[in-house]
There are 2 protein chains.
Amino acid sequence: MKGTVGELGEFGLIRELTSRLTSTPAVQLGPGDDAAVIAAPDRRVVATTDVLLEGRHFRRDWSTAYDVGRKAAAQNLADIAAMGAMPTAVLLGLVVPADLPATWPVELMDGIRDECQVAGAAVVGGDVVRGDTITVAVTALGDLRNRPPVTRSGARPGDLIAVTGWLGWSAAGYAVLSRGFRSPRAFVEAHRRPEPPYHAGPAAAELGATAMTDISDGLVADLGHVAAASRADIDLRSAAIDVPAQMADIGQAVGVDPLHWVLTGGEDHAIAAAFPPDVKLPARWRVIGEVGPVAGRTPQVTVDGAPWETAGGWDHFGDRP
Amino acid sequence: MKGTVGELGEFGLIRELTSRLTSTPAVQLGPGDDAAVIAAPDRRVVATTDVLLEGRHFRRDWSTAYDVGRKAAAQNLADIAAMGAMPTAVLLGLVVPADLPATWPVELMDGIRDECQVAGAAVVGGDVVRGDTITVAVTALGDLRNRPPVTRSGARPGDLIAVTGWLGWSAAGYAVLSRGFRSPRAFVEAHRRPEPPYHAGPAAAELGATAMTDISDGLVADLGHVAAASRADIDLRSAAIDVPAQMADIGQAVGVDPLHWVLTGGEDHAIAAAFPPDVKLPARWRVIGEVGPVAGRTPQVTVDGAPWETAGGWDHFGDRP
């Protein structure tokens, strides 16, 4: 495809974007009308939305449009999974400059479509407008399959804290990229394109998870939300938290404790959950801590019994750590 | 409230915004978790999304934050109604500059909340990020109440075309504002804050509407989508289309045929629908035309049998008419 977004025009671009989409049986009416219609088999729908901005959440020189699409979809689909739901549909609000090559939004859409397919969902609608800053606003919907949603507020003292998915890989990849390197490739790839464990969310709900969250701001920060909502303390055991050897190497190279990435790096979209102590967890879950009664004035997350000093997570109005 | 968005911080702002929200029985889980849970009583959910940008879709010197909120919600909720559905929920993706007064997003949220209340919906979730251009991405959900969705594709030759709501008021108000005036007030208000006839959508579905659309790009343009999707021609009778006397006065003052505003002005979010010829329409619907077989190579919309030359609607990549 040649030319810019402006040359293609609004309707031309929308045609290009929608022509690339695939559907699923849950999509009863897809793009092209005033609104889409999606199945909600158990009479409820789970919904979440996130906005990504160029320069803030992605850089065009670091990530391809395709990877940005994968990531934008992934972070919303992971939120759906973290409620214990199966993702069903995605809507896209897109702001693009008129001088942007038309291939960019088209490849973005390919990425969103492919990530939706991984999660079992489909793109059902959207809006495209012209503006100065590339902005990708994604809304994801999901289906709870007759189970109650697993919120952040159900963790009880005695519950185990377990996690599945990647932790700290995206943050380590970011550290590599921000120092001008392009390898180790596995970490750079993890930064560009997270792989949330979508199926683990509904599986955890089925296993009786009492609380669950997607790790988007960092393990300690997101478990902090669980602790606060559940009015309970959470203590993590650092010995139970795996730091891959290669991540340790990067940490040494750039002078960062790799445990910092694992505890505070958010964008891998791992899933953390609290389970009753007698739960039998599948192999891909690692038990990394425990829920206790609130010991101080407010619920808190500790690591080996002490606060994790630098565990502020990512305040989107602050600067990148 | 004092200070800027940056001083309030991400979590402070989110607290302010969510504290102002109201709920409805359809909201099973509101803001504050990974995702919201909304009732979808008939096992389907209707979903649509739109993005508004400062400078492109609104101006801070012309509209208050509250009005922008009303408008952003209204245009999405109207899309839900135009499927024949009752709006249930809204999600908000918001980009705000750090130096924006914190009152702005707070009043925006008040506007979104109040418009949701008019339509019977509630805000259930969102995302707030820092960026240069104020961007308001709204997703709306709705419930079809066991009726099939009324798409754009079901109009049949012989059907009547009818419309309800305001037509051309926002465009006339825009013409007034863009010439530096602030009155006549009714039109300026209509531009700042549309009043879509939400209940008319489900009512039209109940009356047997064969096709329906929200008028967001202009009557002729949006009926063009109905014509194309239904593979039928639509002819409007100008004598049946009401031009209010005051709008005619403005037209004379600024040198514009007011019928142009009525036929091409979009942002009032009126609802147009096709009905079988024997329908008994409530008083607020005006029959303005008829569906016929495709006469030429492609389906088209005509006014008194002839193309409406300037009826391009609003291409969001082009300039404002």
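A:R192 is buried, at 12% relative accessible area (buried means under 20% relative accessible area, exposed over 50%, partly exposed in between, with a 1.4 Å probe and protein chains only). The model here is predicted: local features need pLDDT of at least 70, side-chain atom pairs count only at pLDDT 80 or more, and totals for chains, interfaces and linings use all residues. Residues are numbered from 1 along each chain as its sequence is written, chains are lettered from A and ligands numbered from 1 in the order in which they are written, and side-chain values use heavy atoms, with hydrogens and water left out.

The side chain of A:R192 pairs up with that of A:E189 in a salt bridge, 3.9 Å from N to O (a side-chain nitrogen of Lys or Arg within 4 Å of a carboxyl oxygen of Asp or Glu). A:E189 is partly exposed at 33% relative accessibility. Helices (H or I, at least four residues) and strands (E, at least two) are DSSP runs, numbered from the N terminus.

## Other salt bridges

Over all chains, the structure holds 34 salt bridges. In chain B, B:E189 and B:R185 form one at 3.7 Å, N to O; both belong to helix α6 (residues 185–192), 4 residues apart, or about one turn of the helix. B:E189 is partly exposed at 34%, while B:R185 is exposed at 58%.

B:D159 and B:R156 make another, at 3.9 Å from N to O. B:D159 is buried, with a relative accessible area of 2%, and B:R156 is partly exposed at 44%. Over in chain A, a salt-bridge network links A:E16, A:R20, A:D110, A:R113 and A:D114.

## Where the chains meet

Chain A and chain B each put 64 residues into their contact (heavy atoms within 4.5 Å). About 5000 Å² is buried between them, with carbon and sulfur atoms giving 59%; buried area is the accessible area (1.4 Å probe) that two parts lose on being put together, summed over both.

There are 4 salt bridges between the two chains, including A:R152 with B:D34 at 3.1 Å, N to O. Strand β3 (residues 44–53) gives the most to chain A's side, with 9 residues.

## The annotated binding site

In an unreviewed entry, UniProt's "binding site" annotation covers A:G126, A:D127, A:R152 and A:S216; positions follow the numbering used here, feature names are shortened, and annotations may be inferred rather than shown by experiment. These residues span 91 residues in sequence and the farthest two C-alpha atoms are 31.6 Å apart, so they don't all gather at one spot.

A:G126 lies in strand β5 (residues 122–130) of chain A, and A:D127 is in strand β5 too. Leaving out neighbours within four places in sequence, A:G126 is in contact with A:L92 and B:T49.
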